[in-house]
Amino acid sequence: MTDHVRLTGISERPLDPDEVERAVSGPEHGAVVVFTGKVRNHDGGQAVSALEYSAHPQAETFLRRVCAEVAASAGLPVAAVHRVGSLTVGDLAIAVAVAAPHRAEAFTTCAELVDRIKHEVPIWKRQLFADGLSEWVNACG
């Protein structure tokens, strides 16, 4: 069986969505869906000034497993990278890509992969609010 997981990673470096797209692209695919999750300036009615992402030491193993399960189920190439450390508004927190012969399966598989990463990979974010308060959330992007 071909390994459809083309790229996974957790990094303190800024993410490159073109890298995840290149990882899954090929002449047999007419559709490539790339999802990027950015730090936004608000959450729950509060102004967010920055985020701090922390990952469990084995988070990359969890990320690879989720990607492998989604890729095997769909039979499509996938790639996913997540950033950790201090991020400011507008920074990319996650980049995910899926390629498929047609757009519908690429969109569906990408949405499933993002949802599974958010719920199954042990990455937490600390939201820093403009009023000086902060809050920890188990989330991804």
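I begin with a definition: a residue is buried under 20% relative accessible area, exposed over 50%, and partly exposed in between, with a 1.4 Å probe and protein chains only. By that criterion, buried residues make up 42% of the 141 residues in the protein.

Two remarks on provenance. This is a predicted model, in which local features need pLDDT of at least 70 and side-chain atom pairs count only at pLDDT 80 or more, while totals for chains, interfaces and linings use all residues. Residues are numbered from 1 along each chain as its sequence is written, and side-chain values use heavy atoms, with hydrogens and water left out.

The protein contains 3 helices and 9 strands; these are DSSP runs, numbered from the N terminus, with H or I over at least four residues for helices and E over at least two for strands. From the N terminus, their order is β-α-β-β-β-α-β-β-β-α-β-β. Along the principal axes, the C-alpha atoms fill a box of roughly 50 × 25 × 25 Å.

Now to the residue. D43 lies in strand 3, residues 42-43. Because its relative accessibility is 23%, D43 counts as partly exposed. Leaving aside residues up to four places away in sequence, D43 touches V48, Q127, F129 and E135, where contact means heavy atoms within 4.5 Å. By contact between residues 24 or more positions apart, the protein accounts for 73% of its contacts with a separation of 6 or more. Finally, the C-alpha atoms of D43 and L63 are separated by 25 Å.
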